[in-house]
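Here is a short report on one protein model. Look over the sequence and the fold before reading on.

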Amino acid sequence: MSDKSALEFDINESLAMQFGTPFVSFQLPDSEEINQGLAELILAEEKSDDEGRGIRSNVGGWQSRGNLITRSEPEIRTLKQWMETMVFNLLGALVRKDGTERTFTLLIDSWANVCRHGNYNIVHTHPNAMWSIVYYVTDGEPDKSIPYSGLLELLDPRESANYIQVPNTILDARFFIENRPGRMVLFPSWVKHMVHPLVGSGVRISIACNVNVVEEIKTSRPQDYEAGYSTAELRKSS
Ligand SMILES: [Fe+2]
């Protein structure tokens with residue numbers, strides 16, 4: 001008779017991670033030249049528009065007004081393409097494959113962030129958006145001897161996830177991203193995040209954007225949707 005207490009099985013065949021949160025990080029190759037161009041135009045914008053878009057989540061530092069990626073400079077146009085490619089690739093990975101062709105349109109708003117020594121961003125989300133992207137132009141030359149200096153931290157959206165305390169596992173409930181120039185990261189806009197105070201001698205520049213995805217509705221009765229995304233419009237001035 002075999003020993004039934006000696007259970008041998010492959011946990012990977014029985015384990016499923018449900019309710020996961022998509023997160024993408026990609027290091028763009030050969031980005032030095034484009035980063036230099038982006039840094040120059042963002043710092044020039046900061047000089048000419050001291051007010052920017054005002055105080056948001058940032059404590060100190062400066063944020064540009066929105067619609068940054070509608071500008072026509074070649075560096076901005078390239079960055080826009082990179083951001084769009086990242087979202088389209090993510091959508092391609094997320095949609096269930098059922099053989100139907102689907103068409104998505106991206107609505108993007110973007111702005112630049114400039115931080116210097118001591119500046120940081122409080123915990124916040126990006127309301128009214130689906131996906132948020134951050135692209136790092138410069139790192140601010142953080143003092144490596146200071147923990148978390150200038151790091152982006154994402155917080156586990158499940159409030160009690162870190163109730164299970166097993167150190168150094170994927171249940172840590174905190175996730176840090178190093179602001180390396182040329183790195184582009186993407187996460188759902190509802191994920192709480194913050195930027196730790198920069199202790200450094202340089203300027204930390206990033207470009208953020210919010211993306212909403214609109215899917216083209218395919219139907220045999222297109223008139224049912226004529227008052228939908230494509231035609232409804234509200235204009236209001238204050
Ligand atoms: Fe943010």
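A residue is buried if 20 or more other C-beta atoms lie within 10 Å of its own, and exposed if 12 or fewer do. The model is predicted.

## Overall architecture

The protein has 3 helices and 11 strands. Along the sequence they run α-β-α-β-β-α-β-β-β-β-β-β-β-β. The C-alpha atoms fill a box of roughly 85 × 65 × 35 Å along the principal axes.

Of the 238 residues, 23% count as buried. Take the contacts with a separation of 6 or more: 84% of them come from residues 24 or more positions apart.

## Helix H3

Helix H3 covers residues 74-94, a run of 21 residues. From first C-alpha to last, H3 reaches 30 Å, close to the 30 Å expected at 1.5 Å a residue.

Which residues of H3 are buried? They are Ile-76, Leu-79, Met-83, Met-86 and Val-87. Seen down the helix axis, these buried residues fall within an arc of 90°, so they line one face of H3. The face of H3 turned away from the buried side carries exposed residues: Pro-74, Arg-77, Gln-81, Thr-85 and Gly-92.

## The open sheet

An open sheet is built from 5 strands in the order E2-E5-E10-E7-E8. The pairing is antiparallel. Strands E2 (58-59) and E8 (174-177) stand at the edges. Each has a single partner strand, so one side of each is left without a neighbour in the sheet.

Within this sheet, E5 pairs with E10 (residues 193-195) in the antiparallel sense over 2 bridges. Asn-121 stands opposite Val-195 in E10.

## Positive phi in two loops

Asn-128 is not a glycine, yet has a positive phi of about 65°. Asn-128 sits in the loop between E5 (120-124) and E6 (131-139). Is Asn-128 buried or exposed? Asn-128 counts as exposed, because 9 C-beta neighbours lie inside 10 Å and the cut-off for exposed is 12 or fewer.

Tyr-148 also has a positive phi, of about 70°, and is not a glycine. Tyr-148 lies in the loop between E6 and E7 (152-155). With 16 other C-beta atoms within 10 Å, Tyr-148 is partly exposed.

Terms used:
Residues numbered from 1 in each chain as written. Predicted model: local features only at pLDDT ≥ 70, side-chain atom pairs only at ≥ 80, totals over all residues. Helix = DSSP H or I, 4+ residues; strand = E, 2+ residues; numbered from the N terminus. Contact = placed C-beta atoms within 7 Å. Pairing = 2+ DSSP bridges. Expected span 1.5 Å × (residues − 1). Arc of directions from axis to C-beta.
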